[in-house]
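Please consult the sequence and the coordinates alongside each answer.

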Amino acid sequence: MEIIRLQNVSKKYDGKSVLDKINKTFEQGQSIAFVGHNGCGKSTLLKIIAKLVTSTSGDVVYNKPLLLHYIPEKFPPVSLTARQYLRHMGALDGLGKDEIKDRIESLGQDFFITDLLDTSMRSLSKGTLQKVVVLQALLKTSDVLLLDEPLSGQDVASQKVFINKINQLREQGVTIFMSCHEKRLIEAIAEDVYTITNGSLTEYNYKTQKLYLMILENAMHLPIMDEMKKYGQYYSLKVNEDECDLILPELIQKGWKLRGLYDEEDK
Amino acid sequence: MMKKINELVKYQMHIYFKGSKFVMPFVATAIYLFIMYSPMGWPVGVVTSCVITCNWVFLLMVWVGLSVSSAESPIMEQMIFLRVKSNVCYYLSKMLFLIILGFIVNIICLLYPIVINLLSNGGAFERPLTFFDVINYLIVLCGSSMAGCSLGSFFHSRVMKDRKMAIVMTVLFATVTIARIPIINALPLTKIITWILPPLDMVSRTYGSVGFFQVGNSFKVFFILFVYAIIAFIVKSLICYKKKF
């Protein structure tokens with residue numbers, strides 16, 4: 001079932017086009033990730049979808065009144081304890097006192113912060129603060145969840161819990177929009193990945209776009225290819241996954257020596 | 001809707017009083033009251049002290065309104081805004097929160113002289129303080145505090161991103177508001193511009209040279225300041241609504 005429709009959505013900042021006539025329909029329960037370099041418009045698109053930022057032209061249409069929850073990348077702490085803050089958020093979500101109390105306890109346990117719930121948010125570390133932000137978004141099941149670099153600063157165990165929780169929400173029909181750089185999170189949560197190039201939303205396929213970094217030694221003083229870059233005493237060369245199998249034997253045959261081969265993402 | 005507004009106001013109150021933002025205005029008010037009603041200045045005029053306190057409350061609420069709106073984080077606002085899902089609810093709660101803060105200030109500024117007067121066996125004021133005086137005092141103070149917080153919170157970070165400029169503009173507007181009568185007397189043409197500022201001069205014009213309150217005049221002053229404050233809050237909210245984040 002269609003939940004959100006973008007109709008010719010464009011956004012300009014200081015005359016520069018960030019999003020250009022984007023038309024897209026999103027279904028209920030869909031999980032979408034927006035990837036791309038910093039400043040390409042991922043977060044802007046998230047906020048336009050949430051109607052927090054107005055588009056320069058075009059419309060965002062919801063099929064019904066939606067409850068959206070948002071997990072921002074950076075969160076300025078307030079002068080309350082995590083529990084007090086979460087109680088207020090639960091109350092604003094319309095939850096009853098007992099329900100709020102139970103949800104805070106259960107989510108606090110899941111994310112390993114039960115002992116820190118009564119600590120002032122100003123004294124919490126960045127990672128713990130980010131967990132509190134995640135908790136506020138999970139207190140009540142929303143229609144849409146907006147995640148802007150949601151794992152920023154979180155430990156590995158909490159990242160796993162987070163991924164499980166989000167996938168559970170997907171099963172319950174919650175639509176997920178995520179702006180993210182972390183490939184592991186995208187693979188674990190998103191079914192559709194888009195990138196924003198020159199203001200347009202295009203599908204992004206990790207597998208076909210996968211890059212490898214070859215580290216080569218020029219022991220025979222061969223001519224250097226334009227794409228090669230100095231890498232310590234060696235040379236590095238970035239190649240697509242498909243090209244890799246073709247180029248590597250050629251280079252070795254010419255006299256280059258392979259000293260390393262890395263997945264560019266893991267480098 | 002009322003439940004959400006109530007929760008929002010409670011949330012803002014909790015954050016404000018858990019933080020340290022209220023300490024300096026509170027200390028400043030304590031110093032003001034101490035000086036204003038110190039035995040050296042006894043007896044003070046009932047109406048005169050009200051006029052002076054109105055100006056003080058106005059300035060104090062400009063300060064409070066400015067500090068509250070400057071402390072608001074856009075991210076926090078966005079998260080709340082998505083939860084509440086109602087512009088009216090959200091902006092109304094912000095206005096109510098500041099009005100309540102103003103009311104607390106008014107009560108402090110009203111109770112202190114009453115207590116001092118009682119402790120001095122009626123020696124603090126030049127004539128006996130009546131219940132009628134107290135009611136009028138409160139009505140006029142409420143109008144002044146509302147005008148103050150509406151001006152202080154007007155240059156919100158979404159209305160004016162440049163915070164330095166927002167502070168300069170707020171201080172300038174507040175100063176000109178306080179000194180409007182002498183400014184207009186010296187330069188009558190400034191009337192063309194100064195109408196945009198809170199009509200706080202109504203308090204001085206109405207009660208600057210009389211010894212007794214008149215309930216009709218007090219309500220008139222309150223009504224004009226109240227209407228000004230509501231219009232300023234609505235204009236600010238509309239700008240924020242239009243600009244979004």
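Q: Which residues are linked with A:R83 in a network of salt bridges?
A: The model is a predicted one. Side chains of opposite charge can pair when their charged atoms come close. The network of salt bridges that holds A:R83 also links A:E105 and A:D118.

Q: How many salt bridges does the rule find across the interface of chain A and chain B?
A: The pair concerned is B:R83 with A:D93, whose closest N and O atoms are 3.0 Å apart. The cut-off is 4 Å, so this pair qualifies as a salt bridge. Across the interface of chain A and chain B, the count is one.

Q: What area is buried between chain A and chain B?
A: The contact draws on 29 residues of chain A and 24 residues of chain B. In chain A, the residues that lose the most area to chain B are A:L52, A:H88 and A:L92, together 29% of what that side buries. Carbon and sulfur atoms give 67% of the total buried between the two chains, which is about 2,400 Å².

Q: Which helix of chain A gives the largest share of the side that touches chain B?
A: Between chain A and chain B there are six residue pairs in polar contact. On the side of chain A, strand 5 (68-71), helix 2 (82-92) and helix 4 (126-138) each supply at least two residues. The largest share, six residues, comes from helix 2 of chain A.

Q: Is A:S236 buried or exposed?
A: A:S236 lies in strand 12 (residues 234-240) of chain A. Beyond four places away in sequence, A:S236 touches A:L213, A:M214, A:I215, A:E227, A:M228, A:K229 and A:Y231. Its relative accessible area is 9%, and the cut-off for burial is under 20%. A:S236 is therefore buried.

Q: How many residues apart are A:E191 and A:R170, which form a salt bridge?
A: The closest N and O atoms of A:E191 and A:R170 are 3.6 Å apart. A:E191 is partly exposed at 44% relative accessible area, and A:R170 is partly exposed at 22%. A:E191 sits in the loop between helix 6 (183-189) and strand 8 (192-197) of chain A, whereas A:R170 sits in helix 5 (residues 156-171).

Q: Are A:K183 and A:D263 buried or exposed?
A: A:K183 and A:D263 form a salt bridge, with the closest N and O atoms 3.8 Å apart. The pair links distant parts of the chain, A:K183 in helix 6 and A:D263 in strand 13 (residues 257-263), 80 residues apart. Both residues are buried.

Q: Which helix of chain B holds both B:E7 and B:K10?
A: The side chains of B:E7 and B:K10 meet in a salt bridge at 3.8 Å, N to O. B:E7 counts as buried at 13% relative accessibility, whereas B:K10 is partly exposed at 43%. Three residues apart, about one turn of the helix, both lie in helix 1 (residues 2-18) of chain B.

Methods:
Residues are numbered from 1 along each chain as its sequence is written. Chains are lettered from A and ligands numbered from 1 in the order in which they are written. This is a predicted model: local features need pLDDT of at least 70, side-chain atom pairs count only at pLDDT 80 or more; totals for chains, interfaces and linings use all residues. Side-chain values use heavy atoms; hydrogens and water are left out. Contact means heavy atoms within 4.5 Å. Buried area is the accessible area (1.4 Å probe) that two parts lose on being put together, summed over both. A polar contact is a pair of N or O atoms within 3.5 Å; within protein, one must be able to donate a hydrogen and the other to accept it, and residues adjacent in sequence count only if both atoms are side-chain atoms. Helices (H or I, at least four residues) and strands (E, at least two) are DSSP runs, numbered from the N terminus. Buried means under 20% relative accessible area, exposed over 50%, partly exposed in between (1.4 Å probe, protein chains only).
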